[in-house]
Each structure stands twice: as structure tokens, then as C-alpha cells.
Amino acid sequence: MSKLFKRPILLTCSAMLLFTTPAFAESPMQVDDAGTLEPGGMKLEATWRKNAQQRGVEGVYGFSPLPSLEVGVALARDRDHASTPASRLSAVGVGFKWVPIQNKTGWSLGASLDWGRTRLTEGDTQERSTERESAANALATWRAEEGHAVHLNLGASRLKAPGVRQTVGTWGMGYEQPLASSLTLTAEVFGQEHSRPARALGLRYELAPGIKLSGALGRGDGHALAQLGWAWEF
């Protein structure tokens with residue numbers, strides 16, 4: 001396996017598969033909440049993100065076919081500028097989130113299952129390789145009457161690629177604090193086995209009912225992280 005291919009795989013693992021595999025948590029957070037759309041509800045999200053020299057965009061379509069169930073489908077395109085010319089990554093993913101216990105205040109509990117496939121095209125040789133990822137998470141959210149919330153994730157992710165088979169435990173803790181009627185501060189720390197945790201601070205602004213803008217800055221595994229997003233729930 002070439003060095004160019006090894007590096008994106010290691011980067012993917014160290015970032016919890018979050019920057020080559022579509023993520024389904026509400027922007028700008030990577031830690032997911034224990035909550036779903038209302039039955040029949042839908043959402044569209046678009047995100048630009050940066051991790052070290054890797055940059056890309058992601059689109060997510062989510063819908064709720066049944067009470068307590070949310071389904072998400074995502075596409076992502078990234079370029080890794082660590083090589084010249086840059087390597088290209090294309091990812092597709094699907095996720096299911098089931099939250100049978102949902103409360104406006106107090107605890108909400110559920111679980112999620114995600115699957116993704118990433119195709120890497122090496123910049124110099126144009127050689128193509130494919131890696132497959134899957135993740136399972138237990139989700140818990142505690143919401144206070146004042147509006148702030150704490151999110152907890154605990155699970156595992158599995159990566160399959162040429163010459164690589166890896167399963168690691170994952171975890172995440174997130175916090176949301178309303179600053180105004182339409183503005184929310186987000187803070188989170190997340191990680192996996194054998195790697196340093198990542199941290200990020202962000203803001204989410206509701207521009208109009210159901211339409212939100214968001215952004216976050218952070219650091220993970222020695223690299224700067226950045227994200228800008230737009231979301232529409234309807």
C-alpha cells in the first residue's frame with residue numbers, strides 16, 4: 001500500500017472518520033444529540049470543513065419516516081493538499097438514528113448506526129482505492145428548562161481498507177448554551193482509542209424559522225479544525 005494511501009487512512013482514523021465519512025450530527029457539532037426530526041419532517045444541510053491540509057464539502061438530506069426515527073443520506077467531496085497534486089476523496093453514507101425516549105427537559109436516550117464508503121484517488125498516480133466505515137453509538141442528551149443541553153456519545157467505529165482492518169472505541173461530550181433567542185454557543189470534546197481528543201467551539205444562529213447558519217473552530221490530533229454550515233429543517 002502506498003504512503004499516500006496510508007496517510008489519509010491514518011488521518012481518517014485519528015479524526016473518528018469525521019472528515020472523509022459523512023457525519024450526521026447537527027452542525028457545527030460532531031457529537032450527536034439524542035433527538036430526531038418530527039414525524040414527516042425533513043432537513044437539508046451543507047457544510048464546508050477543514051482538517052489540517054484536507055478540505056471538503058458535504059451535503060446531507062435527512063427525514064423522519066416514523067416517530068422517534070431519523071434517516072440521513074450524505075455525500076462528501078474532499079481534497080488532501082498534503083500531496084502535489086492533491087489527492088481526492090469522495091464519500092457516500094447513510095445513517096439511522098432511533099431515539100425512543102425523548103423529552104423536552106431531562107434525559108433523552110437512543111442509538112445510531114452509520115455506514116460510509118470513501119474512494120481515494122491519489123494525486124500523482126491516479127490510483128484508486130476504497131475504504132468502508134461503519135459506526136454504532138449510544139446517545140444521551142440532558143436538557144434543562146433554561147435551554148442548555150449536554151450530549152454524550154459512546155460507541156465504536158470500524159474501518160476496512162486494503163491492508164487495514166481496525167475497530168476502535170469512540171466517545172464524545174458536547175454542550176449547548178443559548179446566548180440569545182436565536183444564537184447558541186456549542187462546545188465539544190471527542191476522541192477514540194489510541195489518539196488524542198479533539199476540541200471545538202462553535203456558534204449556531206437561526207436566521208429564520210428552520211434555517212440555521214453555523215461555524216466552529218477547534219484542534220484535533222495536532223491539527224487545526226474548521227467548519228462552516230447551513231441547515232434548513234422543514
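Q: Buried means under 20% relative accessible area, exposed over 50%, and partly exposed in between (1.4 Å probe, protein chains only). Which of these is Leu44?
A: Leu44 is partly exposed, as its relative accessible area is 31%. This is a predicted model, where local features need pLDDT of at least 70, side-chain atom pairs count only at pLDDT 80 or more, and totals for chains, interfaces and linings use all residues. Residues are numbered from 1 along each chain as its sequence is written, and side-chain values use heavy atoms, with hydrogens and water left out.

Q: Thanks! Where does Leu44 lie?
A: Leu44 sits in strand β1 (strands, E of at least two residues, and helices, H or I of at least four, are DSSP runs numbered from the N terminus).

Q: And which residues make the nonpolar surface patch?
A: Leu44 is in that patch together with Met42, Tyr61, Tyr205, Leu207, Leu213, Trp230, Trp232 and Phe234, and the patch covers about 790 Å². Patch members have over 30% relative accessible area and no salt bridge, with nonpolar side chains (Val, Leu, Ile, Met, Phe, Trp, Tyr) joined within 5 Å and like charges within 9 Å. The areas come from the Shrake-Rupley method with a 1.4 Å probe, and for residues only the protein chains shown count as cover.

Q: Switching to charge: which residues gather in the patch of positive charge?
A: On the surface you'll find Arg117, Arg119, Arg128, Arg132, Arg158, Lys160 and Arg165 gathered in a positive patch. The elements giving two or more residues to this positive patch are β5 (106-121), β6 (128-143) and β7 (149-161). Lys and Arg count as positive, Asp and Glu as negative, while His and the chain ends are not counted. A charge is placed at NZ of Lys, CZ of Arg, CG of Asp or CD of Glu.

Q: Is Arg128 buried or exposed?
A: Arg128 is exposed, with a relative accessible area of 56%. You can find Arg128 in strand β6.

Q: How many bridges pair β5 and β6?
A: β5 and β6 pair over 16 bridges, in the antiparallel sense (strands pair if DSSP finds at least two bridges between them). Trp107 stands opposite Trp142 of β6. The hairpin of β5 and β6 has 6 residues between the strands, and Gln126 in this hairpin takes a positive phi near 65°.

Q: What about β6 and β7, how many bridges join them?
A: β6 and β7 run antiparallel and are joined by 12 bridges. Thr141 has His151 in β7 as its bridge partner. Their hairpin leaves 5 residues between the strands, and here Gly147 has a positive phi near 110°.

Q: New topic: how many salt bridges does the structure hold?
A: The structure holds 10 salt bridges, each being a side-chain nitrogen of Lys or Arg within 4 Å of a carboxyl oxygen of Asp or Glu. One of them joins Glu26 to Arg204, with the closest N and O atoms 3.5 Å apart. That pair links distant parts of the chain, 178 residues apart: Glu26 is in the loop between α1 (3-14) and β1 (42-51), and Arg204 is in strand β10 (residues 198-208).

Q: Which residues are linked with Arg204 in a network of salt bridges?
A: Glu26, Glu176 and Lys212 are linked with Arg204 in that network. Arg204 itself is buried, at a relative accessible area of 6%.

Q: Which residue forms a salt bridge with Lys97?
A: Asp33 does, and the closest N and O atoms of the two are 3.4 Å apart. Lys97 lies in strand β4 (residues 87-101) and Asp33 in the loop between α1 and β1, so this pair ties together parts 64 residues apart in sequence. Both Lys97 and Asp33 are buried.

Q: What separates the C-alpha atoms of Gly110 and Asp33?
A: A distance of 9.1 Å, though Gly110 and Asp33 are 77 residues apart along the chain. Gly110 is in strand β5 and is buried, with a relative accessible area of 17%.
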